[in-house]
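Dear colleague,

I am handing over the structure below, and would be glad if you could look through it alongside the notes that follow.

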Amino acid sequence: MKVVYNWLKDFVDLTAPPQELASRLALSGTNVGSVENGPHGAVIDAEVGSNRPDCLGHYGIAREVAAIYKLALKHVSLKPAESAAKAGDAIKVEIQSPELCGRFTARVIRNVKIQPSPKWLKDRLEASGVASISNVVDISNYVMLELGHALHTFDYDKVRDHKIVVRKAKPSEKIRTLDGVERQLDSGMCMICDGDGSRTVGIGGIMGGAETEISFSTKNVLIECAWFDPIAIRRATRFLKLHTEASTRFGRGADPEMAELASRRCAELILQLAGGELLAGVVDVYPGKRVPKKIRVTRAEILRVMGADVPDKQIEASLTALGFAPVRIDHNRGAEGSLLATWECTQPSWRAEVEREIDLIEEIARIYGLEKFPPRLPAARQGASRLPHHEAETRLRERLIGLGYREIVTIPHVAEERDALFRPAGVLPARLSNPLSEEAGVLKSTGIVTMAAALEWNLNHGQRNARLFEIGRHYRLEGNQSLETRVLTLGATGEAREKGLYDSAREFSFADLKGDLDAIGQLVGSGHDARGFDWHDGGTDWLHAAKRGKMSIAKTELGVAGQLARRVADRLKLRQDVFFAELELDALYAAIKAAKTSRRYEPLPRFPAVERDFSLLLADGITFAQIVESIRSLNIPEITSIETVDLFRGKNVPAGKVSLLIRVTFQSREATLMDAQINHFVGKVISILEHRHGAQLRAS
Amino acid sequence: MPTVDNATAKTLNELGVNDAQGVAEIFAEVRARFDRQVALDTDGIRNLMLQQAWLGSDRDPVTSLRNFWLGRKAGVLTLITENWLKRSPPSLKGVIGKQFNELKSHIETKLAEQRKRIEEKTEAAALTREQVDLSLPGVIHPIGSHHLIRQVFQEIEDIFFSIGFSVVEGPEIETPYYNFEALNIPEFHPVRDDMDTFYIDLPEGAPTPLLLRTHTSPMQIRTMEKQKPPVRVIVPGKVYRRDNPDATHSFMFHQVEGLAVDTDITFCDFTGTIEYFVKQFFGAGVKTRFRPSYFPFTEPSVEFDVSCIFCGGSGAAAGGGVCSKCKGAGWIELFGAGMVDPAVYGFVNYDAKKVSGFAFGMGIDRLAMLRYGIDDIQVFFQNDVRFLKQFP
Ligand SMILES: [Zn+2]
C-alpha cells in the first residue's frame, strides 16, 4: 500500500516529516518498505499485515497516525446534494446468498459526463501507482485508496430490469470479466447478477463483468458498495488465480459499516467531477449487520503477559484513538494505576480480528512502544539436555574430520531418474505432488543421490580430489506414512594423498574407504581386541561387484560401502573412480553408546611382547579372516594380536597364489615368555595353517 | 735458557732456578707458552699437536690440547708437579705451589672458555646448514571440516543451551495439522499464501495429506503435546518453501525454532532472551529493536531487527552513499517472534490463563550470510570444496 504523505493531511494535522513518520509507523506495527520523494511529495511504501485490512486505505493509516502522535482524526461526514427522485424506485437489490454477501448498497446518479479526471485526482492516483482511466472509474479507485473499501460502478442502463441479484455461482457457469478474460466459476463464489438473476455481471468482491462496464458513452451510473465474506473471497481467488485490489481488501475482511460511507463519498466526488443528479437515499440490503463485541482488558493480564506496567492514561488514549471506546468498569474506578483496573472496550467494525483480551494488550503495547518494556533474562528452572544422540554424533564428527572428510549440506529434492539409480528395490520414494521442476520432483531415498551430485559438481569445477560426508536423512514412504531415516553418507574421489614435497601422490582406493570406516568402527568396539564393524561380501548393484561390502554390528545391518559401478559412473559422466558408503545412524549411535557404557580399563601388560612374522604362500581366495580364525581357534591366550604386514602377488609368486606376511604378537600377563614357549606356539600356528589352508611357509 | 718443551722433564735445580724470582719467571714463561697455544685456531692447534705427536685418537685437536696440558699421566701440569714441585728444596715449595695453583686455574679457565667458543661456532655453522625454510609447507595431513551451516547451528545451540534451552528435533515431512492448524493457521488463512508449500504425492485414499514443513514451528506443538510446562527448547532443522531459487531464496533452508513456556514468562523475558542471544552471536556492540508484527501463532508478534553490522547502523556506505546491505535504514531484519498466542495453548491442552511463553524462528542461512558476507544462498548447497575449505 503506497501511502501518499499529503493525502494523510486530509485527515490529521500531521507535522512530523515523512522519514520520521515512517519510522514511527514501523515501530508501531505498520511495516515500511521505503520512503520515496516523488513529484507529488513523499510516498511511504507500507507493507500492511494480512491482519490489518483497515490500513489498506489512507483513512485507516491516518487513524494509526492519530494514535501515535495523539492527534485528532477528522470525521468523514458527507451530505451530497440529492434530487427528489428516490434511488429505491430506480434500482432493486436482492441478496439470495447472505452467507457470501453481508451487505449490498446501491446508489444511482443520472446524467453524468464521463471525461478525463482533473489533475489533482490524477496526481494522487499516480503517486499511488494507479493508472487514470476516466473520472468515474478513477473516483471508485480513489475512494478505495482513501477509505480502504472497494466499490464497483456499473453503466446503469446496461443493468437489465434495473435489478441486482446476488447469488451463488451455478456449476459450470462462466463470466467474461472486465479484463476481457472468460472465466470458469466455482459453486462457492458470490455472483452479482442482473434482471431475473440469470446473467452474471460481476464476481462479487473480485472483479466486475465486461458487459455492464462504464464507458465514455455512459450516462447513468450505478454505484455498488458491498461487503463479502473474506473466506469465500480467498477461496475464490485461489480457484480463479485472480488477485485484485478489491479481492485483497474483501479477502482480509473489510468493514461492513464503511460500505455506505464509501458509497456516499463516491457519489459526492462524481457529482463534483462528472456532474449529474444523485437520486435520494440508498438502497441498502444488510443481512449481515453485526452487534459490536464487548471485550475486556485488565491490568492484571497486561502485567502477566507484558511483564511491565502501562499507565492508565496511555491505555485509555491508545484504545480511544484506535476506536475501542474503553470504559473502566471495576470497583476501583477513579483509582489510577489500580491493579484491579478493568476496561470494557467495544470492537470497532473495522477491527473484526480484535476479539480477545490479548488482542487489546497487543494494541496497547504497540502504541505505547515495545522498547518501554525492559528486557531481562529469565532464570532457568531445569537442566537443559542435548539431543539423545548428541554425544555419539559428536564423536563420529570428530573422527570424520580427523580422517579428512568435509561436511556437505544438500537439498533433498532430486530428479526421479537419479533417485531410481540408487534406490533399493521395493522402496517407495516420497514424490512431490507439486514440484518446482522435474529435476526436483522426489525426495532422495538414499543420501548417495545428493552425495554423487556434490562430487559431480566438484569434478565439473576442477576439484578432482574430494572426501565428503553428510549427516542427513533419507526419505521414503511406507504406505501412507513417511519415513525419515538418519544416515551418514560418505563420498570420496581423486587422490588419497596429494603430491607434496615429502610424499608422492596416491589415488584413493577401496582400502582407504575401508580404513576410514574401520576407524569409525573403533567407536563401537571395546577392549584391546575391538573389532568394530563386521564386513560381509555383497552390497547393492550400483556398487562395483568386486569392490564393495556390507557392514554390520552384532547382526544389525548398518550399510554398504564400495566403488561406484563403472556403468553407473559412465551414466553420471564421472570420469574417475568414485567411492561411496552409507550407514544408518540410529543403529550406529546406539552401538557407540553401548560401547561407551561397556568400555573398561584393561591393565597394561607388565611383561614384554614378542613378535613373530610368518610369510605364507596361500592359494588365491583364502581370506585373511580365515587365517585369523584358524589361529584364534588354537585358543592360545598369549596371542594378543594378528596383523598383516604385506600382501604380494606376481614376481616370485606362482600364479594362483598369494604371498601373505602376517605378524603374530605373543605376550603373557603372568611372566616373560621363554624362547621354548614361543617356539612351541609358533609350531602350533604353522601346523594349523598348513593343515587347514595348505599354507607353505616361505623364508621371511 | 732451555725451552719449556723439555724443561718440565728436568728439575728446577737442573734448570738453574734457585730463588723465588727464578720460579716466577719460569712459570711466566710456561703461562705465555700456554696462552700462545690456546689462542691458535683449530687448524693451528692440530698442526701443533701433530708436531708434538700429541694428537689423540679422538683426533679432536682441542681435546688433545687439553690433554697436553692437563692430562693425568704426562700432561705439562703433571710433569711440573712431579719434576718441579716434588723435587725442589723445601724453601721454594711454597712459592712453586702458589705459582702452580695460579697456572692451573688459568689454564682451566682458558680451556673452558676455548671449548665454549668452539662449541658455539660449531653450533652456529650447523644451524646455518640445518636452517628450515619457514616459507615451505609442512607435511599436510588431510583434515575435514564442518559445513558452515552446521557451525552456525552449533554456535546457536551452545548459546541457548547455556541459558537452559534443550535441543529437540522433529520430522521434516509433516501433516497440515502440525504445520498449520494447531498453529492457529486454518485453511484459507491469508498467511498460507506467504508459505507456498510442497505436498507429498500419496496413494489414492490416504487419510492425511503430508507436506514438507514450511517452518520448524510444528515442533512447538509436538513438544507441548509431550511435555507439561516449564518448556524451553530450540529446534534446529531444515524447512521448505516452494519459492523459485535465486541469490536470496532457496526452496530448502534452515531454521532454529525456540519455545519457552512457563507460569511466569513475560514479554520482558522474551526480549531479554533474544537480546542475550544476539549479543552473544553478533557481539555486545550491536543494537536491537523489536517492531510489532503479525503471525497467527504469536501475540504480541514482533519482527526483530539488529543495527546493520556492515555500516554500524549509520546507513551510510564507507565510500559514501547508502549502505547496500540495509538500504540506508541502519537496521537489518533478523527474524520473527512473539508471545505464544493463547489459541495455540488450546491445541495442546495448556491452560492459557496460567501459562505464558514466547516463540521465535530464525533463518540460519540468512544469519550465516550476514555474518560472513555471503551474497548467494546457493553456495551453501553446491558444496564446492573451495567453499568448504574457507570455513575450516
Ligand atoms: Zn548498513
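This is a predicted model, in which local features need pLDDT of at least 70 and side-chain atom pairs count only at pLDDT 80 or more, while totals for chains, interfaces and linings use all residues. Residues are numbered from 1 along each chain as its sequence is written, chains are lettered from A and ligands numbered from 1 in the order in which they are written, and side-chain values use heavy atoms, with hydrogens and water left out.

I begin with the metal site. The zinc ion is coordinated by the SG atoms of B:Cys308, B:Cys311, B:Cys323 and B:Cys326 at 2.2 to 2.3 Å, where donors are N, O and S atoms within 2.8 Å of the metal (3.2 Å for Na, K and Ca), and sites may look incomplete because water is not among the atoms. The angles among the 4 donor atoms run from 103 to 115°, and the site is tetrahedral, a term that requires all angles of four donors to lie between 85 and 135 degrees. For orientation, the ideal angle for four tetrahedral donors is 109.5 degrees. In sequence, the donor residues follow the spacing C-x2-C-x11-C-x2-C. B:Cys323 is buried at a relative accessible area of 4%, and B:Cys326 is likewise buried at 6% (buried means under 20% relative accessible area, exposed over 50% and partly exposed in between, with a 1.4 Å probe and protein chains only). The search of the whole structure finds 0 disulfides over all chains, a disulfide being a pair of cysteine sulfur atoms within 2.5 Å.

Turning to chain A, the domain assignment (automatic or from a database) gives domain 1 (2-69), domain 2 (87-285), domain 3 (294-366), domain 4 (390-598) and domain 5 (610-697). The C-alpha centres of domain 2 and domain 4 of chain A lie 62 Å apart.

Chain A also holds an open sheet of 4 strands with antiparallel pairing, in the order S32-S33-S31-S34. Strands S32 (639-648) and S34 (696-698) of chain A stand at its edges, each with a single partner strand, so one side of each has no neighbour in the sheet. On average, neighbouring strands of this sheet are turned by 35° against each other, direction ignored, with axes taken as lines fitted to C-alpha atoms. Within chain A, S31 (residues 610-619) and S33 (residues 657-666) pair in the antiparallel sense over 10 bridges, and A:Leu616 has A:Leu660 in S33(A) as its bridge partner. Here strands are DSSP runs (E, at least two residues) and helices are runs of H or I with at least four, numbered from the N terminus, and two strands pair if DSSP finds at least two bridges between them.

Most residues other than glycine have a negative phi, and most peptide bonds are trans. The bond from B:Pro229 to B:Pro230 is cis, with omega near 0°, and B:Pro230 is in the loop between helix H10 (218-226) and strand S4 (231-240) of chain B. Another cis peptide bond joins B:Glu299 and B:Pro300, with omega about -5°, and B:Pro300 lies in strand S7 (residues 298-307) of chain B.

A:His162 has a positive phi near 50° and is partly exposed at 28%.

Note on methods
Tetrahedral: all angles 85-135°; square planar, octahedral: opposite > 155°, others 65-115°. Axes fitted to C-alpha atoms, helices over the stretch in contact; angles between N-to-C directions.
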